[in-house]
Amino acid sequence: MASGLDIAAASIPVRVEPPLCVDLDGTLVKSDTLIDGLCQFARRFPLEIWRIPIWLAGGRARLKSEISRRIALDPARLPYNAPLLQYLRAQRHEGRQLVLATGADHDIARRIAGHLSIFDEVVASDAGTNLTRTRKLTRLRDQFGAFDYVGNSRADLPLLKNARAAMVANPSIGLKLGLRLGGIRVTGTFADRRPWLRTGLRAIRIHQWAKNVLLFAPLLMSHRGAPASATAAIMAFCCFSFMASANYLLNDMLDVENDRRHARKRLRPFAAGDLSIAGGVAIVVGLVVAAAAVLPMLPAAFAFWLVVYIAGSLSYSFYLKQIPVVDVLLLSGLYTVRLLAGGAATATVISQWLAGFSTFLFLSLAMVKRFSELENLRERGATLSHGRGYSVTDMEQIRSFGTSSATAAVVVFMLYIGHQDGTEMYRHAERLWLIVPLLIYWLYRVWLLASRGELDDDPVVFALRDRVSLLLGTLVIAIAFLAI
């Protein structure tokens, strides 16, 4: 049976002119296939990360080969440079000879070429040769003589300098500087990447900081308003938010392959190729440094709970998200850790009522998040959740777990109202009963919308955008204030 490359070569007559050689990583594909493979390897085999330095010691070619043998990136899901791909297809239609010339391992390069079916030939690295810079230039010269070339990084400068026609795709700052200093004339530019600043802010997920408002809950519910405590709560919020964003970035980098299979998550900065892994790592370092600058001004007990949060988040990102039930228990536990961290920062004792209420409430929200993901999968005709341990057949059981947890949260709140702890804290505790129907309505409405497929995967994001949720939240705050 003929391969995709053979079919492409046989179906269109070749135009007599130098071949058009196209780089892969960062050029035809907006991401770096080696880095994507390393991230997937780290997520799938976290206990074997120690092998990576050993492979790298044998050279980048060996590292690429070892990763390619263990990780199979899906060519259909990769973030291609749309303008460049359109240009290449037009050139192929006119009979132009196209060559995929890349430093990536030959296995992944041939899979991508076979998927696109526009390349006549693939020139790529193997286990013994890392085909980049002057090595790639020598290979192309020996094989084709004259050639046109499309690249994206400073490593492509030797090839662009010696190409008959030099073209660039999403050129790096280093490449732009090198082209200017070398006086190299560029005949074509293919830009397909969103602005870095906007993309970076989106990757940080500032809207998720709303979850960290829970750090203020212990102080607010204690009815104490000392300026020192309020300042400590604000610093704790900032510190926790920086570390939470760093975790979101790390999670997205490790989960990039699964995100590309998701209808909505494929548009995330890393999955879409709009933000490089190197750029993500730089942002993570900046966030960690910012958190470390604030941490010494907070109590040691807060630092303890922050470490617990980091450990839980990392274990979730690397492995535990794949284990059914354990993943939602951990997610709900991370919400509770926020309460404990807020109490530690402000020296406020967390009541058993708040702990019980939050445990059931957050477990229900974690369950509805998984339920919503599965409902969206079912609507698309899929059965398995990539990177998770659930299938659509689990939906009814998850609904049962989640709705019962929601009811339990309401029951705990009702018991608190009539208990001595509630009557001592609120002069008009009986007014808190007005919150009960609002709480029931919001929780059951969230589950109803999830069952209809109308809920965002994340209930927190939904609540921040939903007018009804915002109105109910305002009413709850007003009633609690009147009950004091």
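**View 1. Strands E4 and E5 pair side by side in the predicted model.** Strand E4 (residues 148–151) is joined to E5 by three bridges, and the two run parallel. The model shown here and in every other view is predicted. Gly 151 has Val 168 in E5 as its bridge partner.

**View 2. Strand E5 has buried side chains on either face.** E5 covers residues 166–169. Which residues point one way, and which the other? Ala 166 and Val 168 point one way, while Met 167 and Ala 169 point the other way. All are buried. In a regular strand the side chains alternate between the two faces of the sheet.

**View 3. E5 also pairs with strand E6.** Four bridges link E5 to E6 (residues 186–190), and the strands run parallel. Ala 169 stands opposite Phe 190 in E6. Helix H9 (residues 173–182) belongs to this second unit. E5, H9 and E6 together make a right-handed β-α-β unit.

**View 4. Asn 170 sits in the loop between E5 and H9.** The backbone here deserves a look. Phi of Asn 170 is positive, about 45 degrees, although the residue is not a glycine. Is Asn 170 buried or exposed? Its relative accessible area is 9%. The cut-off for buried is under 20%, so Asn 170 counts as buried.

**View 5. Six strands build an open sheet.** The strand order is E3-E2-E1-E4-E5-E6, and the pairing is parallel. Which strands stand at the edges? They are E3 (121–125) and E6. Each has a single partner strand, so one side of each lacks a neighbour in the sheet. From one strand to the next, the twist averages 20 degrees. Helix H5 (residues 82–93) packs on this sheet. H5 touches strand E1 (20–22), E2, E4, E5 and E6. The direction of H5 makes about 150 degrees with that of E1.

**View 6. Strand E2 pairs with E1 and with E3.** E2 spans residues 98–105. How many of its residues are buried? Eight of its eight residues are, so E2 is mostly covered. With E1, E2 pairs in the parallel sense over three bridges. Cys 21 stands opposite Val 99 in E2. With E3, the pairing is parallel over four bridges. Val 99 has Glu 121 as its bridge partner in E3. Leu 100 stands opposite Val 122 in E3. The chain passes from E2 through H6 to E3, and this β-α-β crossover is right-handed.

**View 7. Arg 111 lies in helix H6 (residues 106–116).** Its relative accessible area is 30%, which makes Arg 111 partly exposed. What does Arg 111 touch, beyond residues up to four places away in sequence? The contacts are Ser 68, Ile 71, Ala 72, Leu 73 and Pro 75. For scale, take Trp 353. Arg 111 and Trp 353 are 242 residues apart in sequence. In space they are 57 Å apart, C-alpha to C-alpha.

**View 8. Gln 208 is buried in a loop.** The loop runs between helix H10 (196–204) and helix H11 (217–221). The relative accessibility of Gln 208 is 4%, so the residue counts as buried. Setting aside neighbours within four places in sequence, Gln 208 contacts Tyr 248, Asp 458 and Val 461.

**View 9. Val 325 has a positive phi.** The value is near 70 degrees, in a residue other than glycine. Val 325 lies in the loop between helix H15 (300–318) and helix H16 (326–345). Val 325 is partly exposed, at a relative accessible area of 38%.

**View 10. Helices H18 and H20 pack against each other.** The axes of H18 (residues 395–418) and H20 (residues 435–451) come within 10 Å and cross at roughly 175 degrees. Angles over 145 degrees count as roughly antiparallel, so H18 is roughly antiparallel to H20. On the H18 side, the contact includes Ile 398, Arg 399, Val 410 and Phe 413. On the H20 side, it includes Leu 439, Leu 443, Tyr 444 and Trp 447. By class, the contact has 13 nonpolar, four polar and one charged residues.

Methods
Residues are numbered from 1 along each chain as its sequence is written. This is a predicted model: local features need pLDDT of at least 70, side-chain atom pairs count only at pLDDT 80 or more; totals for chains, interfaces and linings use all residues. Side-chain values use heavy atoms; hydrogens and water are left out. Axes are lines fitted to C-alpha atoms, for helices over the stretch in contact, and angles run from 0 to 180 degrees between N-to-C directions. Angles under 35 degrees count as roughly parallel, over 145 as roughly antiparallel, 65 to 115 as roughly perpendicular and the rest as oblique. Contact means heavy atoms within 4.5 Å. Ala, Val, Leu, Ile, Met, Phe, Trp, Tyr, Cys and Pro count as nonpolar, Asp, Glu, Lys and Arg as charged, and the others, Gly among them, as polar. Buried means under 20% relative accessible area, exposed over 50%, partly exposed in between (1.4 Å probe, protein chains only). Two strands pair if DSSP finds at least two bridges between them. A crossover is right-handed if, with the strands pointing away from the viewer, the path from the first strand over the helix to the second runs clockwise.
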